[in-house]
Protein chains: 2
Amino acid sequence: MNTLFKAFNDATRREILEMLKDGDMTAGDIADKFNMSKPSISHHLDLLKQADLVVAVKQGQFITYSLNMTVMDEVLAWFVQFKSSVKKEEIALPKVEKPRIRLQINKQ
Amino acid sequence: MNTLFKAFNDATRREILEMLKDGDMTAGDIADKFNMSKPSISHHLDLLKQADLVVAVKQGQFITYSLNMTVMDEVLAWFVQFKSSVKKEEIALPKVEKPRIRLQINKQ
DNA sequence: TTTTTATTTAGACATTTGTCTAAATATTTA
DNA sequence: TAAATATTTAGACAAATGTCTAAATAAAAA
């Protein structure tokens, strides 16, 4: 989980993931979309790869990156599990004194 | 989203969230569960508060922290939305040549 | 009122992170 | 084989982060 949350903790990396939703891209194509050096993007891709969020496939001199939805599902499961295991607090109702006089309305 | 993912990107903070699932706790009680100074825990609580993941209520000299599930739901929605907007790739079927000779089996 | 208790704020410091340029590697083209 | 192209690796550096101790704040107890 640590590596996963680390991967998500950067706007550039989240943008890369969003881009890959529309289809696979080469490292160069990804880098072209950012105002950032290629080595920097390469580093971000490496972190996404370490987190198993993307898969890299070398095709000749190009490297194509694609989403790995399996791991995305794991993160989702983490949050669902978290939610479901939250214990609902007993609502502490304000203590109200018993009325000494009971109003009683009788049907006619 | 940035502040949220930042909040999740630390094991101590995630542990604090897990602890609060079982019920509200004071800052001191939380700190006692960790092998870490109170100011450090206080800082983590501050980041969780900034991300709106927890709510702090002062009661006398104590401060009680509790989960804010609303924001947790937002993160969950982010992932659900992400998943649902992934375009399924057309599976590139390998190109197979048309057979020059068609095998034909006739029913008797 | 003084002391104790609960918590945060301030500031220092080491580690991690994100970015860059230069160089290395690997593949394709001339 | 030499040059061009795609990408990564190495190493430097500034900024962000997590941790600590000491001091400040605020409420409760003596």
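This is a predicted model: local features need pLDDT of at least 70, side-chain atom pairs count only at pLDDT 80 or more; totals for chains, interfaces and linings use all residues.
**Interface of chain B and chain A**

The size of an interface is often given as the accessible area lost when the parts come together. Between chain B and chain A the buried area is about 2,900 Å², and carbon and sulfur atoms give 65% of that area. Three residues, B:Lys21, B:Phe79 and B:Phe82, supply 23% of what chain B buries against chain A, more than any other three residues. In terms of contacts, 30 residues of chain B are in contact with 30 residues of chain A.

A salt bridge joins the side chains of A:Lys87 and B:Asp22, with an N to O distance of 3.1 Å. Counting residue pairs with both members at pLDDT 80 or more, 10 are in polar contact across the interface of chain B and chain A.

On chain B, the side that touches chain A draws at least two residues from each of helix H1 (2-8), helix H2 (11-21) and helix H5 (69-84). H5(B) gives the most to this side, with 11 residues. Sorted by class, the side of chain B that touches chain A holds 15 nonpolar, five polar and 10 charged residues.

**Surroundings of DNA strand C**

DNA strand C is surrounded by 24 residues, and the closest are A:Ser40, A:His44, B:Gly28, B:Gln61 and B:Tyr65. Sugar or phosphate accounts for 73% of the atoms of DNA strand C within 4 Å of the protein, and bases account for the rest.

| Residue | Protein atom | Atom of DNA strand C | Distance |
|---|---|---|---|
| A:Ser37 | polar backbone atom | phosphate oxygen | 2.9 Å |
| B:Gly28 | polar backbone atom | phosphate oxygen | 2.5 Å |
| B:Gln61 | side-chain N or O atom | base oxygen | 2.7 Å |

B:Gly28 and B:Gln61 are also among the closest residues to DNA strand C.

Two or more residues of the surface near DNA strand C come from each of helix H4 (38-50) of chain A and, in chain B, helix H3 (27-32), helix H4 (38-50) and strand E3 (62-67). H4(A) contributes the largest share of this surface, five residues. The residues of the surface near DNA strand C comprise eight nonpolar, 11 polar and five charged.

Definitions and conventions: Residues are numbered from 1 along each chain as its sequence is written. Chains are lettered from A and ligands numbered from 1 in the order in which they are written. Side-chain values use heavy atoms; hydrogens and water are left out. Contact means heavy atoms within 4.5 Å. Buried area is the accessible area (1.4 Å probe) that two parts lose on being put together, summed over both. A salt bridge is a side-chain nitrogen of Lys or Arg within 4 Å of a carboxyl oxygen of Asp or Glu. A polar contact is a pair of N or O atoms within 3.5 Å; within protein, one must be able to donate a hydrogen and the other to accept it, and residues adjacent in sequence count only if both atoms are side-chain atoms. Helices (H or I, at least four residues) and strands (E, at least two) are DSSP runs, numbered from the N terminus. Ala, Val, Leu, Ile, Met, Phe, Trp, Tyr, Cys and Pro count as nonpolar, Asp, Glu, Lys and Arg as charged, and the others, Gly among them, as polar. A residue is near a molecule or strand if one of its heavy atoms lies within 4 Å of it.
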